[in-house]
Amino acid sequence: MKNFKYFAQSYVDWVIRLGRLRFSLLGVMILAVLALCTQILFSLFIVHQISWVDIFRSVTFGLLTAPFVIYFFTLLVEKLEHSRIDLSSSVNRLENEVAERIAAQKKLSQALEKLEKNSRDKSTLLATISHELRTPLNGIVGLSQNLLDDELDDRQRNYLKTINISAVSLGYIFSDIIDLEKIDARRIELHRKETDFYALLNDISNFALLMAEEKRLEFHLNCPSTLPNWLMLDGVRLNQILWNLITNAVKFTQQGSVTLSVEQTADNEFAIRVTDTGIGIDEADLEKIFELYYQVNSNRNKSLGSGIGLSISKTIAQLMGGDLTVTSEIGRGSTFLLTFKAEEALPPSDENSKLPLKLNILLVEDIEVNVVVAKSLLEKLGYQIDVAMTGAQAIEKFEQNYYDLVFLDIQLPDM
Ligand code: ADP
């Protein structure tokens, strides 16, 4: 089989090399000689004599017809070989193209991987920085809150409120940034616990009122008294969403009001609307504003922002079994609707059993600011506080004294 293929290919190569005309002539010559020899041999073998006239006649006939047959056969061979060569060169080209595409795809996916890693690294860095900034920020929030309970004149109280509210706002901004990394890694989790729903609404309304006052806007809270008092929900997350909606409402409203309306829509289902009389949002942008980093680009909207608040808020709302949607009219204002599910809860048991007033507490914490804040809050509640700033110090104090309670930082410099 191999030999046959070899000879067949050599035959075809010769056809191509000599060209169909020359090859045909060569074929005729070879055939003529062969026919002559065969005719002589047959004549000798059968009639025992050579009839030169007959031989001449048949050789002439053969020579006249053979070139045509050979020519057309050669033509066929040549055509077939050309198309085989064309086919194999197209296959080669195709193979090269496929190889090039595979290489390009590989490069692309490597570049994408690098890009994703860079973006992840950036989110992680931002999250780490935000975490680091949390400690001093907690100092500002805690201490300003503490001071607000003291005797102050109006001017001091106003300044302090602004300091407190700004610090609380910064805290929410950091939460959004920290969540960016978690959204990347799909790691946002809810921590549901018994939450005083009215207290939560009250706190966020106080905050909204202060924000609105700064821009001379009105703030209204519409909240029926029939809502359940205690709900199983992640209050920190709900606050984060409401904070995002209220700061946006205030940011994009120049005059008029911001309203927070709360209602129970079904068993364990709630709806909170944040309505403003601000610049409104174009219909084309209504869906896009929930995308990460999207900001409406218009002359009316020159505010600074990051474009992350709504995207994170929607993700959290969906984790809560609800959603965040918007309706809006340009020049008239917007209404953001937050829905979520939460079961009614009993007040946490420790609510009823107040701690005795004379507790002796050991506070173990290595960061000065945290010590000052925690100590001042606990002392305000009337407790006796002892502080240790390292693990070794804590053990020494714990062995020498009697404490009712130890607040222990889980990450100390020495252990
Ligand atoms: P940021 O406010 O930091 O830009 P958000 O994700 O909170 O990011 O909002 C995305 C965009 O949606 C905003 O930049 C703004 O264009 C638009 N937007 C959000 N809330 C309102 C609102 N109440 N009124 C008008 N536009 C709004």
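In strand β7, Thr335 is the bridge partner of Thr275. The strands concerned, β5 (residues 269-276) and β7 (residues 333-341), run antiparallel and are joined by seven bridges. Two strands count as paired if DSSP finds at least two bridges between them; helices (H or I, at least four residues) and strands (E, at least two) are DSSP runs, numbered from the N terminus. The model is predicted, so local features need pLDDT of at least 70 and side-chain atom pairs count only at pLDDT 80 or more, while totals for chains, interfaces and linings use all residues. Residues are numbered from 1 along each chain as its sequence is written, and side-chain values use heavy atoms, without hydrogens and water.

**Antiparallel pairing**
- Strand β6 (residues 323-329) is also antiparallel to β7, with seven bridges between them.
- Ser328 stands opposite Ser334 of β7.
- Three residues lie between the strands in the hairpin of β6 and β7, where Gly331 has a positive phi near 80 degrees.

**The parallel sheet**
- Three strands in the order β10-β9-β11 form an open sheet with parallel pairing.
- Because β10 (384-388) and β11 (405-408) are at the edges, each with a single partner strand, one side of each has no neighbour in the sheet.
- Five bridges link β9 (residues 360-364) to β10 in the parallel sense, and Ile385 in β10 is the bridge partner of Ile361.

**Helices on the parallel sheet**
- Helix α8 (residues 368-380) lies across β9, β10 and β11 and runs at about 165 degrees to β10.
- Helix α9 (residues 391-400) packs on the sheet, touching β9, β10 and β11, at about 140 degrees to the direction of β10.
- Contact means heavy atoms within 4.5 Å; axes are lines fitted to C-alpha atoms, for helices over the stretch in contact, and angles run from 0 to 180 degrees between N-to-C directions.
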